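Subject: Structure handover

Hello,

Here is the structure I said I would pass on. My notes on side-chain contacts follow below it.

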Amino acid sequence: MKKIKNKQSRKQLNSGLYFLATVIILTIVALLIDSEKTVKALYYSLKLLINLIPIIVMVILFIAIINFFVDQKKLSSYLGKESGIKGWIITIIAGIITHGPIYVWFNLLKEMKKNGMRTGFIAIFLYNRAIKIPLIPVMIYYFGTLYTVTLMIVMIITSPIIGLFVELFTEKDSLDSKPMSGVKNIESS
Amino acid sequence: MQKDQIIRKDLKGFILTLAKSAKSMLNSFPFFVGIVILMGLFKVFIPNSVIYHIFTGNAWLDTAIGSLFGSILAGNPINSYIIANFLLKDGISLFAVTSFIVAWVTVGITQLPYEIQTLGKRFTIARNLSSFILSMFVSLITVVIVRALS
């Protein structure tokens with residue numbers, strides 16, 4: 001089991017390094033085309049990366065808390081197949097109140113999926129990350145209250161469609177369904 | 001004394017779990033750096049002025065174009081509001097502007113490789129594809145309601 005985990009984490013690290021290498025090659029090409037613009041882009045990226053650090057630390061802490069304190073069965077009852085309407089509401093609220101870039105949350109969601117979270121809920125959580133409470137005043141300033149409130153409500157109401165579609169599409173995937181089969185084991189035990 | 005030992009054991013266990021979580025996030029760090037560099041390149045090499053010229057004036061076609069460009073571009077949502085505000089002032093339809101704003105925050109082309117790696121290929125395709133399509137429907141519903149109410 002430990003060997004499989006190590007293999008998976010090495011695979012993830014390798015894929016990340018390949019991706020980074022591709023991006024570096026792209027950056028070198030961009031440097032050759034327009035060095036001034038590329039340096040500007042890299043400076044922007046560095047600032048973005050520095051801003052990411054506190055959020056990454058927070059997510060590490062979240063993952064540790066969930067893995068250490070939260071009981072798999074309990075998590076499954078809140079966010080698993082049997083959670084019902086409660087699960088939908090929790091996921092939507094969690095998506096709205098959390099902050100930071102969407103990709104920082106992928107690792108945490110992967111862990112939660114292993115612990116029995118529904119695939120559809122992961123999609124709903126990510127979709128509702130689009131509703132950013134601190135940015136609502138900015139949106140109201142640009143587009144008005146009626147437009148902003150309507151857009152937010154429409155997005156919240158339509159978000160379960162994403163969850164249902166994703167579950168429908170991923171059910172046939174053996175890789176994606178592996179963690180879900182884990183949920184079935186928990187449920188049956 | 002026994003209670004003290006239990007607390008120490010729990011603390012040790014939590015620190016170990018924390019270290020494991022940190023290790024799993026560190027494995028993702030090359031992805032984070034790559035995504036952030038890509039975002040910087042997109043921001044600088046695709047200036048707002050390019051986006052303004054892409055829209056055609058046809059509301060339906062512009063809605064699809066809005067979703068497409070919202071999906072490709074990434075970064076702080078405030079940037080999408082600023083661009084969208086300029087687009088509106090330029091006479092681009094509210095349908096197109098809304099689909100642009102929604103796709104900007106719900107579809108992520110730059111982070112696709114990392115999403116595939118962590119959450120699976122089928123999940124990533126399904127989530128991004130459905131979010132892309134839904135951005136146009138959300139735009140349609142929102143604009144119809146806003147026009148009816150205002």
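**Charges, rings and core**

A:Arg118 sits over the face of A:Phe121, 4.9 Å from the ring centre. Please keep in mind that this is a predicted model. A second case of this kind involves both chains: B:Arg122 lies over the face of A:Phe169, at 4.7 Å from the ring centre.

A:Arg118 also takes part in a salt bridge, with A:Glu167, at 2.8 Å from N to O. A:Arg118 is in the loop between H5 and helix H6 (119–128) of chain A, and A:Glu167 is in helix H8 (residues 145–170) of chain A, so the pair ties together parts that are 49 residues apart in sequence. The relative accessible area is 10% for A:Arg118, which is buried, and 9% for A:Glu167, which is buried as well.

Over all chains, the search found three salt bridges. Another one joins B:Arg127 and B:Glu115, at 2.6 Å from N to O. This pair links distant parts of the chain, with B:Arg127 in helix H7 (residues 121–149) of chain B and B:Glu115 in helix H6 (residues 112–119) of chain B, 12 residues apart. Both B:Arg127 and B:Glu115 are buried.

A:Lys114 and A:Glu111 form a salt bridge with their closest N and O atoms 3.5 Å apart. They are three residues apart in helix H5 (residues 106–114) of chain A, and therefore separated by about one helical turn. A:Lys114 is partly exposed at 37% relative accessibility, whereas A:Glu111 is buried at 16%.

The whole structure has 19 aromatic pairs over all chains. One of them is A:Trp105 with A:Phe125, edge-to-face, 6.0 Å centre to centre and 65° between the planes. A:Trp105 is in the loop between helix H4 (85–97) and H5 of chain A, and A:Phe125 is in helix H6 of chain A, 20 residues apart. Relative accessibility is 1% for A:Trp105 and 6% for A:Phe125, and each counts as buried.

A:Phe143 and B:Tyr81 are also edge-to-face, at 6.2 Å centre to centre and 90° between the planes. This pair crosses between chains, from helix H7 (residues 136–143) of chain A to helix H4 (residues 77–89) of chain B.

In the largest nonpolar core, of 85 residues, A:Tyr103 and A:Leu126 touch the most other members. Helix H1 (residues 2–45) of chain B gives the largest share of this core, 11 residues. Beyond its neighbours within four places in sequence, A:Leu126 has contacts that include A:Ile102, B:Glu115 and B:Arg127.

Regards

Conventions
Residues numbered from 1 in each chain as written. Chains lettered and ligands numbered in written order. Predicted model: local features only at pLDDT ≥ 70, side-chain atom pairs only at ≥ 80, totals over all residues. Heavy atoms only, no water. Core = buried A, V, L, I, M, F, W, Y, C linked by side-chain atoms within 4.5 Å. Buried < 20%, exposed > 50% of the residue type's maximum accessible area, 1.4 Å probe, protein only. Helix = DSSP H or I, 4+ residues; strand = E, 2+ residues; numbered from the N terminus. Contact = heavy atoms within 4.5 Å. Salt bridge = Lys/Arg side-chain N within 4 Å of Asp/Glu carboxyl O. Phe/Tyr/Trp six-rings, centres within 6.5 Å; stacked < 30°, edge-to-face > 60°. Lys NZ or Arg CZ within 6 Å of the ring centre and 35° of its normal.
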